[in-house]
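Open your viewer and get ready to select. Each stop tells you what to pick next and what is there.

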Amino acid sequence: MTIQTDFKRHLQEGRFFTSNELVVVAVSTGVDSMTLLDLLQSLPKEQRPRLLVAHVNHELRDQSKLEEQFIRNYCQKRGLRLAVAHWPRRQHPATGIEEAGRQFRYAFFARLMKKNGSKVLLTAHHADDLAETIMMKLTRGGQLAQLVGIADRRPFAGGQLVRPLLPFRKQELYDYATSRQLTWFEDATNRKLTVSRNRFRHQIIPALEKENPHFVDHLLDYREQLADLLAWRDQAVGNQLAKISVAGRLNLATLRSLPAVRQSILLRTWLERAGVRDLKSKQIRQLIGALANPHQPQRRLELPGNWSLVHDYDWCWLEKADKMRGQSQKAPAHVVKLGQRYPIDDQSNLVVTDEPLSETHLLPMWLAPTQLPLLLRPWRPGDQLLLKSGGHQAVRRVLIDQKVPLAQRERQLVLVDSQGTVVWLVGRKWSWFTRPADYKRTWRRLLIGIVKRRGEKHE
């Protein structure tokens with residue numbers, strides 16, 4: 001039979017598994033999976049794997065019991081190993097039952113592979129399934145790479161999921177099953193037009209085939225051409241990204257020097273590989289523009305999936321947004337006690353004292369009694385420093401002028417007096433306080449500075 005010859009050749013070319021290797025075969029008892037199971041048993045001994053049949057009873061209809069009993073009898077007669085899982089009715093959701101059922105099945109297959117040490121799961125997806133998937137993705141919209149549809153193999157459960165029937169049309173499987181006098185069960189739910197895939201299967205694609213009987217063949221040929229182009233693109237993009245990204249950070253100076261179309265492809269691929277997917281082309285263009293804005297060389301851009309794109313001059317990187325919110329919530333805010341040490345980073349403490357410390361030099365600062373006590377806290381957008389000229393300078397402007405990296409800027413602390421006036425932008429710049437003539441008699445001299453941490457705990 002032609003399909004047997006083609007199936008054998010396809011397995012040899014694909015090298016999906018080795019002879020005598022244990023593979024898990026997903027069998028629903030429909031014509032597709034029963035054909036796959038028969039083809040596998042018909043392989044020559046030197047090419048035939050060891051089979052572990054996996055069947056899920058979804059308990060969705062009365063026929064499910066008959067299907068389970070059938071596959072039990074079938075495997076027993078042929079000496080095949082069988083594993084059956086039940087999806088209890090009480091676990092069925094009110095909506096989204098198709099997707100929930102799929103998740104249950106694949107979780108079962110993964111457990112089965114792990115338990116038995118198998119690295120290969122075989123499913124009976126065929127060319128018509130592939131065509132339906134491509135048309136559904138084309139209708140819904142998304143990324144170009146998604147139009148490849150389903151691949152003949154993909155990583156799964158520490159091994160791979162293989163679809164060895166993808167080259168074959170549904171009618172070929174029917175013809176084979178009939179000629180071999182195989183028994184199979186038709187799932188009545190596959191005719192329900194309330195399910196979108198069924199509408200593509202029974203209405204949309206047949207209508208297109210009336211326009212051109214070779215529609216599916218042409219669609220699959222386009223898919224193969226697209227897959228080749230994308231593979232070529234991915235290799236070229238990967239080589240380019242290796243040159244412009246370091247330790248998860250993207251070099252924007254190099255990116256900006258490239259043509260606009262390459263910038264978009266590189267940025268999209270870099271984001272997708274990091275876990276940010278399904279961005280529209282318009283969103284990518286907006287990101288390119290934002291990262292090239294000279295008036296905002298440091299900023300944080302929120303992305304889908306709880307991601308933040310951190311832009312810091314000529315570099316950008318991704319961080320989880322909730323991680324940064326958590327860090328901000330943990331930022332210290334303390335009423336400063338003399339002699340007490342307060343952490344400002346992993347290596348340093350801030351200390352305010354009225355007595356000299358032997359370990360370091362602190363800067364003397366005279367403050368009015370009404371300015372005490374001092375408070376150490378994160379800086380705020382409205383914070384300003386007092387200048388000798390009598391004017392003010394925004395803390396934000398100081399951080400920008402000193403080109404403080406955004407990650408450090410978000411953790412920047414200020415020392416403020418009891419009135420909320422910034423005394424010190426910690427480690428960076430002091431405010432200027434005009435002193436009265438008798439300040440040495442009426443004001444208090446304090447020593448303020450940064451010392452290395454010694455592991456003390458503060459109150």
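**Stop 1: a sheet**

Select residues 348-353, strand β14, and residues 444-452, strand β22: the two pair in the antiparallel sense over 6 bridges. Keep in mind that this is a predicted model. Now pick Val 352. Opposite Val 352 stands Ile 448 in β22.

**Stop 2: the largest nonpolar core**

Select Phe 7, Leu 40 and Leu 122. These residues have the most contacts inside the largest nonpolar core, which has 32 residues. Next, colour the elements that give two or more residues to this core: α1 (2-14), β1 (22-26), α2 (31-41), β2 (50-57), α3 (63-78), β4 (120-122) and α6 (170-179). Which element gives the largest share? It is α2, with 6 residues. In soluble globular proteins, nonpolar side chains tend to be buried together.

Stay with Leu 122 and show its contacts. Setting aside neighbours within four places in sequence, Leu 122 is in contact with Phe 17, Val 23, Val 24, Val 25, Ala 26, Leu 36, Leu 40, Val 162 and Pro 164.

**Stop 3: two loop residues**

Go to Gln 412. Find it in the loop between α14 (406-410) and β19 (413-416). Is Gln 412 buried or exposed? Its relative accessible area is 5%, so Gln 412 is buried, under the 20% cut-off. Show side chains here. The side chain of Gln 412 makes a polar contact with the side chain of Arg 428, at 2.7 Å. Not counting residues up to four places away in sequence, Gln 412 touches Arg 377, Pro 378, Trp 379, Leu 399, Leu 425, Val 426 and Arg 428.

Now jump to Pro 294, in the loop between α11 (281-291) and β9 (298-303). Pro 294 has a relative accessible area of 65%, so Pro 294 is exposed, over the 50% cut-off. Pro 294 and Leu 385 are 25 Å apart in space and 91 residues apart in sequence.

Technical notes: Residues numbered from 1 in each chain as written. Predicted model: local features only at pLDDT ≥ 70, side-chain atom pairs only at ≥ 80, totals over all residues. Heavy atoms only, no water. Helix = DSSP H or I, 4+ residues; strand = E, 2+ residues; numbered from the N terminus. Buried < 20%, exposed > 50% of the residue type's maximum accessible area, 1.4 Å probe, protein only. Polar contact = N/O pair within 3.5 Å; in protein donor to acceptor, adjacent residues only side chain to side chain. Contact = heavy atoms within 4.5 Å. Core = buried A, V, L, I, M, F, W, Y, C linked by side-chain atoms within 4.5 Å. Pairing = 2+ DSSP bridges.
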